[in-house]
Amino acid sequence: GWGLKEPLSFRVIWIESFYNHSWKQNLVSGWLSDLQTHTWDSNSSTIVFLWPWSRGNFSNEEWKELETLFRIRIIRSFEGIRRYAHELQFEYPFEIQVTGGCELHSGKVSGSFLQLAYQGSDFVSFQNSSWLPYPVAGNMAKHFCKVLNQNQHENDITHNLLSDTCPRFILGLLDAGKAHLQRQVKPEAWLSHGPSPGPGHLQLVCHVSGFYPKPVWVMWMRGEQEQQGTQRGDILPSADGTWYLRATLEVAAGEAADLSCRVRHSSLEGQDIVLYWEHHSSVGFIILAVIVPLLLLIVLCMCLSYS
């Protein structure tokens, strides 16, 4: 249990936005499955490690080599694309997205991938040691592959990165990050009102936050009956590497009383969290029932001390 979905992957995502002939922007990030582990600082042209274990088991020398390689590739790709943009019929502004890396199945490296998209559509991919066009991308992609395949030395470096460097790195990264990735963090849950869906109706919201790993089960219940109207939002990341989710249910105002929100998560070891809506809605009345007499008592004391 790595706390990450199988198959595990390490991938680099590189987005190049070309605004005009001379102005472009780069965004480069490294991801272990859906957890971001690295980013690229464009100002200093350096790799930023987002976790203490993001270096894996690579030496400083290996990181310096990779940094240099990235720096050169970023400069070359900009110059190359700028040079061939007209010939390839790329029209400004345009965006190129590259994703490349390798995958693990049951602890063994199962393959690598490298794809390039133009304006969000599949364009070319790297297979063995050469670039191939996606059939749907037409002649532009064929021409692009022809240009890229002129430099076999570059292609050999790419092949080595995918088939050797990446597999070695992902295994070392999983080993270095083991304690972090295999941890169990219990969720916190609370209930609230959502915006009113209409007269006489309520939107009930169940918030679940701070849990790790990502898989979680959240459902609105009536007794033991799952409420099929439960709407789950996306599971969103928090800054500390844990996750957040909200589940909503719309009901007639009179039907909310015996509803509850149930949360299941591996960290709870079978002890589900169950929150009852009537307890939530009665909290307001409890607060009023406590505060009003307290205020009256304070006022009474003040009056007595003045008299």
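## Strand β8 and Residue L132

L132 is located in strand β8, residues 130-133; strands here are DSSP runs of E with at least two residues, helices are DSSP runs of H or I with at least four, and both are numbered from the N terminus. L132 is partly exposed, its relative accessible area being 42%. Buried denotes under 20% relative accessible area, exposed over 50%, and partly exposed the range in between, with a 1.4 Å probe and protein chains only. L132 and F169 are 37 residues apart along the chain, and their C-alpha atoms are separated by 26 Å.

The model is predicted: local features require pLDDT of at least 70, side-chain atom pairs count only at pLDDT 80 or more, and totals for chains, interfaces and linings use all residues. Residues are numbered from 1 along each chain as its sequence is written, and side-chain values use heavy atoms, with hydrogens and water left out.

## Two Further Strand Residues

L27 lies in strand β2 and is exposed, with a relative accessible area of 52%. L27 and E16 are 11 residues apart in sequence, and their C-alpha atoms are 6.6 Å apart in space.

V205, in strand β10, counts as buried at 1% relative accessibility. V205 is 14 residues from L191 in sequence, and the C-alpha to C-alpha distance of this pair is 5.6 Å.

## The Nonpolar Core

The largest nonpolar core comprises 66 residues, and F90, F123, V218 and W220 have the most contacts inside it. A nonpolar core is a set of buried Ala, Val, Leu, Ile, Met, Phe, Trp, Tyr and Cys residues joined through side-chain atoms within 4.5 Å. Helix α3 (residues 152-176) supplies the largest share of this core, six residues. At least three residues of the core come from each of domain 1 (8-182) and domain 2 (188-279), the bounds being taken from an automatic or database domain assignment.

## The Annotated Ig-like Span

According to the unreviewed UniProt entry, the annotation "domain: Ig-like" covers residues 167-274. UniProt positions are given in the numbering used here, feature names are shortened, and annotations may be inferred rather than shown by experiment. In the model, the span 167-274 is 13% helix and 44% strand, and its end C-alpha atoms lie 43 Å apart.

## The Largest Pocket

The largest pocket contains about 1200 Å³ of space. On a 1 Å grid over the protein atoms alone, a pocket is an open set of points with protein on both sides within 12 Å along at least five of seven lines, a cavity is a set of points where a 1.4 Å probe fits but cannot get out, and lining residues have an atom within 4 Å of a point. Grid points are joined across faces, edges and corners, and a volume is the space filled by probe spheres set on the points.

The largest pocket has 45 lining residues, with W14, R73, L114, E154 and T158 nearest its centre. Elements giving two or more residues to this lining include β1 (8-18), β5 (94-105), β6 (108-118) and α2 (138-148). Helix α1 gives the most to the lining, with 11 residues. By class, the lining holds 26 nonpolar, 14 polar and five charged residues; Ala, Val, Leu, Ile, Met, Phe, Trp, Tyr, Cys and Pro count as nonpolar, Asp, Glu, Lys and Arg as charged, and the others, Gly among them, as polar.

## The Enclosed Cavity

The structure holds one cavity of 30 Å³ or more. The largest cavity has a volume of about 40 Å³. Its lining is formed by G3, L4, D34, L35, Y212, K214, G241 and W243, which divide into four nonpolar, two polar and two charged residues.

## Backbone Geometry

Most residues other than glycine have a negative phi, and most peptide bonds are trans. A cis peptide bond joins Y92 and P93, with omega of about -10 degrees, and P93 is in the loop between α1 and β5. Another cis peptide bond joins Y212 and P213, with omega of about 5 degrees; P213 lies in the loop between β10 (201-211) and β11 (217-222).

S33 is not a glycine but has a positive phi of about 50 degrees. S33 is found in the loop between β2 and β3 and is buried, with a relative accessible area of 9%. Q89, likewise not a glycine, has a positive phi of about 60 degrees. Q89 is in the loop between α1 and β5 and is exposed, with a relative accessible area of 55%.
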